Amino acid sequence: MNSKESREIQLHDFNPGRDYFRAEVLSGLQKPQKELPCKYFYDKRGSLLYERICALDEYYIPRTEASIMKTYIEEIVELLGPRVLLIEYGSGNCAKTHILLDYLHDLAAYVPIDISREQLLCVTKQLASDYPELEVLPVCADYTSDFELPVPKQPSDRIVTYFPASTIGNFEPMSAKRFLERIAAVCGPGGGLLIGVDLKKNVTTLHCAYNDSLGVTAAFNLNLLERINRELDCDFQLEWFEHYAFYNPWEGRIEMHLVSLKDQTVHLDKVTIPFVQGESIRTESSYKFSLDEFEQMAAAAGFRVEHVWTDEQQWFSIQYLVNAQRTSA
Ligand code: AVI
């Protein structure tokens, strides 16, 4: 680990770096169904495009989640309890965190974790000035891997992890369960997880959310190839790939792909990757859950669903899960 001083902010840096990025891209592009990990969407431009997606009318998730949070924030804070150590996975621009930080007055510390170092540093500086009393301990890491968490100065009564936006839906089911198990271990017996979970709904709404009329989601998807070209010296021709997103009802997920518009080859290091016309790279899955499905997965990972808040249409849920393991006497 290397630590970088940025004024008074210490960044705990476990960013996996370029070699790891290259290895994951190469391995994904050599699979029978080519794929790329969606965590690599979020370079500087990708993070900005995601912010633009979040402002779109068609992309219902952020506004629905925010309205549930605002409606039930007092209940939520009551359930979380006093002197919480709050750890956020994939903090991004922390847009959703402010409401929690505003209401959780006696936080022991706040630990935002994100893979995007620049955004993390920028957001942390802003938080340090907005909440001068709060200890903010940023961690730059791929949160699906192992890394050490910083130790806050103040003791806490409980560790609560926060995982909003239904990013849990971007994991394949086995990985989602493993990730929840990892979180259960981090928060320990009695600790909790406040999580945003997108729910199954009519297909038209889902289709529009991932095929917006302004083409922002398409640009977000294609930006992944631009990033790979720039950072890994690859030669994808962006004009020969097309964004394609659809709801797969059998799997209960939106799939995002980049479809090759012709037979072509792409080169990365000394490897040639052939594409036939119509072949795709799967870039993201976004699973949609029923409340029962999610409860079962949470239980398999060691969590009990303590409370579920939803909007009137039952499009989205915010859930508080408690590590169901008993405290050892
Ligand atoms: C971050 N994640 C929950 C988003 C989703 O809806 O799966 C990412 C996204 N992909 C396309 N639009 C938004």
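This is a predicted model: local features need pLDDT of at least 70, side-chain atom pairs count only at pLDDT 80 or more; totals for chains, interfaces and linings use all residues.
Figure 1. A search of the whole structure finds 23 aromatic pairs, and one of them joins Tyr-60 to Trp-315, with ring centres 5.5 Å apart and planes at 65 degrees, so that the pair is classed as edge-to-face. Tyr-60 belongs to the loop between helix 2 and helix 3 (61–80), whereas Trp-315 belongs to the loop between strand 14 (303–310) and strand 15 (316–323), so the pair ties together parts that are 255 residues apart in sequence.

Figure 2. Tyr-89 is placed in strand 4 (residues 84–89) and Phe-163 in strand 7 (residues 158–163), so the pair ties together parts that are 74 residues apart in sequence. Both Tyr-89 and Phe-163 are buried. Ring pairs extend the view to a cluster in which Tyr-89 and Phe-163 are linked with Tyr-143, Phe-171 and Phe-179.

Figure 3. The ligand is surrounded by 14 residues, of which the closest are Tyr-59, Asn-170, Tyr-210, Glu-284 and Ser-286. By class, this shell is made up of eight nonpolar, five polar and one charged residues, and at least two of its residues come from each of helix 2 (44–54), helix 8 (216–232) and strand 13 (280–287). A polar side-chain atom of Tyr-59 is found 2.5 Å from an oxygen atom of the ligand, while a polar side-chain atom of Glu-284 is found 2.7 Å from a nitrogen atom of the ligand. In the side chain of Ser-286, an N or O atom is 2.7 Å from an oxygen atom of the ligand. Taken alone, the ligand exposes 340 Å², and the protein buries 98% of that area.

Figure 4. The side chain of Arg-282 makes a polar contact, at 3.3 Å, with the side chain of Glu-172. When neighbours within four places in sequence are left aside, the residues in contact with Arg-282 are Gln-33, Lys-34, Glu-35, Leu-36, Glu-172, Arg-253, Glu-255, Met-256 and His-257.

**Figure 5. Glu-279 and its polar contact with Lys-34.** Glu-279 is located in the loop between strand 12 (271–275) and strand 13, and its relative accessible area of 18% places Glu-279 among buried residues. The side chains of Glu-279 and Lys-34 make a polar contact at 2.5 Å. Apart from neighbours within four places in sequence, the contacts of Glu-279 are with Pro-32, Lys-34, Leu-258, Val-259, Ser-260 and Pro-274. For orientation in the view, the C-alpha atoms of Glu-279 and Asn-229 are separated by 19 Å, these two residues being 50 residues apart along the chain.

Figure 6. Arg-83 is found in the loop between helix 3 and strand 4, and its phi is near 45 degrees, a positive value in a residue other than glycine. With a relative accessible area of 37%, Arg-83 is partly exposed. Gln-314, in the loop between strand 14 and strand 15, has a positive phi of about 60 degrees although Gln-314 is not a glycine. The relative accessible area of Gln-314 is 41%, and this residue is partly exposed.

Figure 7. Gly-215 lies in the loop between helix 7 (203–210) and helix 8, where its relative accessibility of 27% makes Gly-215 a partly exposed residue. The C-alpha atoms of Gly-215 and His-243 are separated by 9.1 Å, with the two residues 28 residues apart along the chain.

How values were computed
Residues are numbered from 1 along each chain as its sequence is written. Side-chain values use heavy atoms; hydrogens and water are left out. A residue is near a molecule or strand if one of its heavy atoms lies within 4 Å of it. A polar contact is a pair of N or O atoms within 3.5 Å; within protein, one must be able to donate a hydrogen and the other to accept it, and residues adjacent in sequence count only if both atoms are side-chain atoms. Accessible areas come from the Shrake-Rupley method with a 1.4 Å probe; for residues, only the protein chains shown count as cover. Helices (H or I, at least four residues) and strands (E, at least two) are DSSP runs, numbered from the N terminus. Ala, Val, Leu, Ile, Met, Phe, Trp, Tyr, Cys and Pro count as nonpolar, Asp, Glu, Lys and Arg as charged, and the others, Gly among them, as polar. Contact means heavy atoms within 4.5 Å. Rings of Phe, Tyr and Trp (its six-membered ring) pair if their centres lie within 6.5 Å; planes under 30 degrees apart count as stacked, over 60 as edge-to-face and the rest as tilted. Buried means under 20% relative accessible area, exposed over 50%, partly exposed in between (1.4 Å probe, protein chains only).
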